[in-house]
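Here are some notes for a first look at this entry. Please keep the sequence and the 3D view open while reading the points.

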Amino acid sequence: MQPLTLPADGWHDWLAARVDAQLAEAARLLDELRAMDTGDALRVLELWNDADIALRGADALAGLLQEVHPDPAVRELAEESSRRVDRARTERGQDRRLFEVVEDAGLSNLESDAQRLREHVLRDFRRSGVDRSDDTRARLRAISERLTELDQEFSRVIRDDVRSVRLRPEQLAGLPEDFVAAHPVDEDGLVTITTDYPDYLPFRAFARDAAARRALTVAFLDRGYPANDAVLHEMFALRNEQASILGYQSWPDFDADVKMIGSSPAIAEFIERLADAAAPSAQRDREQLVARQRQDEPDATSFDASCSAYYQELLRRERFDVDAQQVRRYFDFERVRAGLLDVTGRLFGVEYREHDGPSWHPDVAGYDVVADGHLRGRIYLDLHPREGKFKHAAQFDLVGGVRGRQLPEGVLVCNFPRGLMEHTDVVTLFHEFGHLVHHVLGGDQRWARFSGVATEWDFVEAPSQMLEEWAWDADVLQTFATDADGHPIPRDLVERMRAAKDFGKGLFVRTQLFYTALSYLVHRDRPADLARTTRDLQARYDVLDYLEGTHFYASFGHLGGYSSAYYTYLWSLVIAKDLFSAFDPADLFAPDVAHRYRDRILAAGGSKDAGDLVADFLGRPFTFDAFAEWLDRAPQPSS
């Protein structure tokens with residue numbers, strides 16, 4: 001098996017031809033499956049799997065290129081291709097003859113993994129409305145096609161809506177020297193700062209000028225508005241209609257039915273449980289931050305997103321002797337990228353060999369993943385911002401792994417600076433790489449449905465959140481975090497960073513609960529005024545005040561892919577803390593536990609339910625205990 005060969009040029013024609021071929025192959029295989037009149041259950045599933053491989057291949061390629069390719073024409077073709085794939089999947093899911101073939105074939109001579117596949121396929125048929133009337137199925141198809149269009153439009157608006165503020169040079173006071181140097185004064189004597197992450201994140205953390213921070217934060221939190229307001233209203237209404245047609249009370253009921261959490265009421269209970277647990281530490285965080293703010297602004301009446309990062313950074317510097325501008329000296333991008341590969345290679349027993357082949361942009365770096373002398377897959381790292389590119393950080397599939405047939409290939413898409421990185425960027429890089437290594441190591445599956453990151457969706461963040469812990473360990477960081485003179489980051493600095501990390505976690509959890517509640521309730525209740533709902537939910541769950549004149553929901557990209565399930569991040573964090581409790585903090589590379597984790601969690605892909613995978617690794621079901629202990633642990637200021 002060899003990885004996919006990407007073109008050096010001619011991407012438009014190559015994408016069109018490949019998607020056409022894969023859709024045609026899927027159609028041919030499904031025709032063959034429809035024509036079967038035998039009860040050979042295994043052959044039925046093998047044909048289904050072959051067609052699924054073709055559909056997933058077309059979907060992955062189109063889904064990636066619409067977010068990363070520099071040519072707008074290729075991105076437009078990729079969006080069109082995604083719609084074609086979704087249409088084919090919808091038609092497959094509503095095809096009664098296919099359903100009858102799979103159901104009638106029964107379970108004869110099927111091993112447990114094949115039985116599991118059959119159960120999932122039949123469940124998907126029913127969730128697609130296969131048993132409904134012709135008119136109802138036609139309406140479900142129309143809803144599906146329109147939702148695909150709306151999701152693409154929602155993402156495209158966010159991707160393309162880059163806003164900026166123009167400031168006087170003195171308003172950059174407090175920013176690192178390299179940041180200031182990278183933002184020269186224009187002919188009008190002003191400096192332009194954009195809402196792209198490499199500008200926005202350091203500016204919020206370091207700019208002393210409160211008015212300038214506020215102006216940029218307002219611009220950032222107003223991206224996507226007003227264009228996405230109508231898009232979201234229609235999206236929520238159609239999702240609700242789809243759920244109602246299929247017999248569910250609301251979209252969250254439909255969506256949660258196939259996740260670990262199980263039901264819509266369970267999401268509401270989870271939100272309130274964590275809100276109560278985080279309330280004391282969150283209130284302490286806010287009181288300390290507001291007190292520090294009033295030293296600078298005695299008449300301040302609010303504490304909002306334009307203040308939070310700046311004053312958290314300030315208190316970490318003053319109380320814990322952690323200056324992020326000094327810390328970033330140790331995190332040069334090139335060294336961090338190399339260190340990430342070294343750390344994860346050592347942890348999971350793999351080697352990354354540079355692949356010098358074509359890709360969609362010169363910034364992209366490719367690596368072959370090798371284990372025990374065998375090629376296991378390929379990864380691509382696309383880590384810097386550019387016009388027309390996805391604005392957040394995520395892992396995308398390129399090829400799904402299938403045992404003996406095709407190697408897994410994945411792509412990490414982020415927006416990091418090219419020089420020195422904040423430590424928060426390093427943590428994000430480790431997090432997102434967790435998804436990538438999960439995709440590759442979990443890609444040795446017989447059935448495409450269970451390949452890679454294929455568990456219930458509310459588990460998928462847990463392996464990535466756990467891998468963040470390696471970005472906070474002094475022994476780990478000292479292997480790659482060095483300054484310009486080659487001196488490794490001091491151990492005592494890392495310990496102070498860890499102590500400072502504990503400050504603000506209550507605020508973090510409550511802000512995440514605000515996002516979680518917004519994601520859930522706009523789908524459950526479908527309010528007419530999204531801005532008012534956003535404001536009310538922020539007041540209820542967040543400890544930061546609403547920032548007047550903003551419409552955060554319009555650029556809350558997770559309302560697309562995650563829909564009502566943003567709770568996934570905190571649910572997975574509970575599991576991640578429990579998973580990490582199995583590791584020895586004194587030796588995070590201990591091979592027995594690292595390899596057991598690799599084999600029982602990552603390499604298993606979606607071959608078992610997530611709860612069973614966790615129990616296989618821990619020797620027991622997961623609990624809230626480790627998360628509660630982490631949340632209750634008070635930060636210890638530097639003496």
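1. The lining of the largest cavity has nine nonpolar residues, one polar residue and no charged ones. This is a predicted model, and the space in that cavity comes to about 40 Å³. The structure holds three cavities of 30 Å³ or more.

2. Which residues line the largest cavity? They are Leu 347, Phe 348, Gly 434, Val 437, Pro 463, Met 466, Leu 467, Trp 470, Tyr 597 and Leu 602. Two or more lining residues come from each of helix H15 (333-348), helix H16 (423-441), helix H17 (461-467) and helix H24 (591-602). H17 gives the most, with three residues.

3. Look next at helix H26, residues 625-632, where Ala 626, Phe 627, Trp 630 and Leu 631 are buried. Seen down the axis of H26, these buried residues fall within an arc of 135 degrees, so they line one face of the helix. Asp 625, Glu 629 and Asp 632, on the other side of H26, are exposed. The cover over the buried residues includes helix H12 (264-296), helix H19 (491-502), helix H20 (505-524) and helix H23 (568-580).

4. Is Arg 328 buried or exposed? Arg 328 is buried, with a relative accessible area of 7%. Its place is the loop between helix H14 (324-327) and H15. Leaving aside neighbours within four places in sequence, Arg 328 is in contact with Pro 176, Asp 178, Leu 420, Met 421 and Glu 422.

5. The structure holds 60 salt bridges. One of them joins Arg 28 to Glu 25, with the closest N and O atoms 2.9 Å apart. The two residues are three apart in helix H1 (residues 11-34), so about one helical turn separates them. Both ends are partly exposed: Arg 28 has a relative accessible area of 43%, and Glu 25 has 32%.

6. The salt bridge between the side chains of Arg 286 and Asp 545 (3.4 Å, N to O) links distant parts of the chain, 259 residues apart. Arg 286 is in helix H12, while Asp 545 is in the loop between helix H21 (530-541) and helix H22 (558-561). Asp 545 is partly exposed, at 25% relative accessible area.

7. In helix H19, Arg 496 and Asp 492 lie four residues apart, about one turn of the helix. They form a salt bridge whose closest N and O atoms are 2.8 Å apart. Asp 492 is partly exposed, with a relative accessible area of 46%. Elsewhere, salt bridges that share partners join Glu 67, Glu 79, Arg 156, Arg 159 and Asp 160 into one network.

Key
Residues are numbered from 1 along each chain as its sequence is written. This is a predicted model: local features need pLDDT of at least 70, side-chain atom pairs count only at pLDDT 80 or more; totals for chains, interfaces and linings use all residues. Side-chain values use heavy atoms; hydrogens and water are left out. Buried means under 20% relative accessible area, exposed over 50%, partly exposed in between (1.4 Å probe, protein chains only). The arc is that of the directions from the helix axis to the C-beta atoms. Contact means heavy atoms within 4.5 Å. On a 1 Å grid over the protein atoms alone, a cavity is a set of points where a 1.4 Å probe fits but cannot get out, and a pocket is an open set with protein on both sides within 12 Å along at least five of seven lines; lining residues have an atom within 4 Å of a point. Grid points are joined across faces, edges and corners, and a volume is the space filled by probe spheres set on the points. Ala, Val, Leu, Ile, Met, Phe, Trp, Tyr, Cys and Pro count as nonpolar, Asp, Glu, Lys and Arg as charged, and the others, Gly among them, as polar. A salt bridge is a side-chain nitrogen of Lys or Arg within 4 Å of a carboxyl oxygen of Asp or Glu.
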